[in-house]
Structure formats: structure tokens, C-alpha cells
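Me: I have a structure open and would like to talk it through with you. Can you start me off once it is on the screen?

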Amino acid sequence: MSENLTLKLFDILESRILSDYYDDEYYLKEKDISEEFNVSRTPVREALQLLESNYLIKHSGSNKGYMVCKLNTDDMVNIYDLREILESFSAKLCAKNISEEKLLQLNEILILEEFYIKNYNLEKIVYYDNKFHNTIHSQSNNIFLERMLNQLHHYTMHYREKSYKSKERAELSFYEHKQIFLAIQSKDSLSSEKMMARHINNAKEYMIKTTG
């Protein structure tokens with residue numbers, strides 16, 4: 001039970017940090033969090049330690065608590081650079097390994113993504129964007145690669161949500177998804193790798209343009 005509570009607190013606090021809920025250099029204190037969520041300090045302390053191990057907070061060395069370490073544009077560029085390398089490799093592996101069932105699922109995801117872009121439902125656009133990428137990660141048949149990519153995706157969630165507020169960017173992303181799908185469907189691993197690398201690089205450039 002304590003472990004589940006720790007993870008729940010971690011998820012809530014991580015989401016707040018990544019979505020700019022807290023101001024720059026905001027201090028998280030065990031006592032305040034414990035009182036806010038009406039829980040003991042033990043799961044709070046454990047959640048804070050997890051956040052620190054993920055470089056999202058830093059202990060102040062005083063009674064101020066843990067200082068929030070927000071990801072800046074340079075951090076995000078580094079994350080997108082990693083995504084470009086790892087995710088293009090994942091697409092390459094996916095083209096070799098994907099099952100017919102998962103190919104059908106990818107196609108269904110694209111159909112729904114296109115529908116929600118046309119009707120502009122931001123929540124659903126983000127949901128199916130995630131589902132498209134996560135399906136490709138899972139079909140790499142490399143659990144360690146999948147875990148790393150899921151974590152990197154999580155870090156960029158806030159920026160991707162902001163980018164899809166532009167319908168034009170959402171439409172371009174969908175077009176790129178379609179090209180990736182066609183390459184995977186053709187079992188063309190090199191084209192799949194190339195298309196995915198271009199897709200992630202375009203997302204990075206858009207992020208720099210809109211936040212720099």
C-alpha cells in the first residue's frame with residue numbers, strides 16, 4: 001500500500017513539475033505535501049527521493065526542502081536529440097518485427113488521429129499521438145529501449161501538448177505519422193528509421209521555435 005501511495009504521489013508531483021504548475025525554484029517540503037494529501041511523511045519522502053533521482057528536484061541542504069529543477073530549452077533539445085536516435089532505431093526494429101495485428105492497430109490509430117484533428121479535439125490528438133509512438137516502441141521487441149523511450153516521451157508531454165494547440169502542427173505531425181506507417185507496413189526498416197528521425201527532428205525544431 002505504501003509503495004502504491006509513493007508512486008501516486010510521485011506521478012502527481014512529476015506531472016506538476018513538467019507542466020509548470022510550480023514557479024521557478026519553488027521548494028517542495030515534506031510537511032506541506034503531507035498535509036495537502038493527508039498522508040504520512042514516509043511515502044512523501046520516498047516520492048521526493050524518486051523525483052530527485054530523476055533530476056526533477058534538488059535538495060537544498062537546508063530546511064527549505066527540495067528545489068524544483070525545471071527542464072529548460074537546452075534540456076529539451078538534449079531529450080529530443082536522444083529521442084531522435086533511439087526512436088528512429090525503434091522504428092527500424094519495428095519494421096522488422098511488427099505483427100499483422102499491430103499493423104492493423106497502427107492503421108486504426110491513424111484513422112482516429114485524423115478524425116480528431118479534423119474535429120480538433122486536443123485531448124484525443126495527444127492521446128493517439130502517444131498511442132502511435134508507444135505501439136512502435138512495443139514492437140521493437142526491446143523492453144529496455146521501450147522503457148527509455150516511454151520515459152523520454154513523458155518528459156516531452158507538456159511541450160507536445162502545447163505544440164498541438166496549433167492545428168497546422170497537428171496536421172503536419174499526422175502526415176509524418178502516415179509516412180512512418182507506410183514505411184513500416186512495407187517492412188522497409190531503413191525508410192522507417194529515416195522517416196522517424198525526420199519526424200522527431202521536426203518536432204524539436206518546432207519546440208525551439210515556439211519556446212526559444
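Me: Let's begin with Glu 100: is it buried or exposed?
Reply: Glu 100 counts as exposed, because its relative accessibility is 55% and the cut-off for exposed is over 50%. Please keep in mind throughout that this is a predicted model.

Me: Which helix is Glu 100 found in?
Reply: Glu 100 belongs to helix H5, which covers residues 100-118. The C-alpha atom of Glu 100 is separated by 9.0 Å from that of Gln 185, although the two residues are 85 residues apart along the chain.

Me: And Val 44, buried or exposed?
Reply: Val 44 is buried, since its relative accessible area is 1% and buried means under 20%.

Me: OK, stepping back, how many helices and strands does the chain have?
Reply: There are 9 helices and 3 strands in the chain, and read from the N terminus the elements follow the order α-β-α-α-β-β-α-α-α-α-α-α. The C-alpha atoms fill a box of roughly 60 × 35 × 30 Å along the principal axes, and of the 212 residues in the chain, 42% are buried.

Me: What does H4 reach from its first C-alpha to its last?
Reply: Helix H4, residues 73-97, reaches 35 Å between those two atoms, which is close to the 36 Å expected for its 25 residues at 1.5 Å a residue. At the start of H4, a side-chain oxygen of Asn 72 comes to within 3.1 Å of the backbone nitrogen of Asp 74.

Me: New topic: what volume does the largest pocket have?
Reply: The volume of the largest pocket is about 190 Å³. It is lined by 18 residues, and the closest to its centre are Tyr 80, Tyr 159, Arg 160, Ser 163 and Ala 203.

Me: Which helices supply at least two residues of that lining?
Reply: Those are H4, H6 (122-138), H7 (143-163), H8 (167-185) and H9 (189-211). H9 gives the most, with 7 residues.

Me: What is the lining of the largest pocket like by class?
Reply: The lining has 7 nonpolar, 6 polar and 5 charged residues.

Me: How many disulfides does the structure hold?
Reply: The structure holds 0 disulfides. As for individual cysteines, Cys 94 is buried, with a relative accessible area of 0%, whereas Cys 69 counts as partly exposed because its relative accessibility is 22%, a value that falls between the limits of under 20% for buried and over 50% for exposed.

Me: Last thing, backbone angles. What is phi for Asn 141?
Reply: Asn 141 has a positive phi of about 60°, although it is not a glycine. As background, most residues other than glycine have a negative phi. Asn 141 is placed in the loop between H6 and H7, and it is exposed, with a relative accessible area of 58%.

Me: And where does Lys 187 lie?
Reply: Lys 187 lies in the loop between H8 and H9, and its phi is near 60°, again a positive value in a residue other than glycine. Lys 187 counts as partly exposed, because its relative accessible area is 40%.

Note on methods:
Residues numbered from 1 in each chain as written. Predicted model: local features only at pLDDT ≥ 70, side-chain atom pairs only at ≥ 80, totals over all residues. Heavy atoms only, no water. Helix = DSSP H or I, 4+ residues; strand = E, 2+ residues; numbered from the N terminus. Expected span 1.5 Å × (residues − 1). Polar contact = N/O pair within 3.5 Å; in protein donor to acceptor, adjacent residues only side chain to side chain. 1 Å grid on protein atoms, 1.4 Å probe; cavity = no way out; pocket = protein on both sides within 12 Å on 5 of 7 lines; lining within 4 Å. Points joined across faces, edges and corners; volume = space filled by probe spheres on them. Nonpolar A, V, L, I, M, F, W, Y, C, P; charged D, E, K, R; others polar. Disulfide = S-S within 2.5 Å. Buried < 20%, exposed > 50% of the residue type's maximum accessible area, 1.4 Å probe, protein only.
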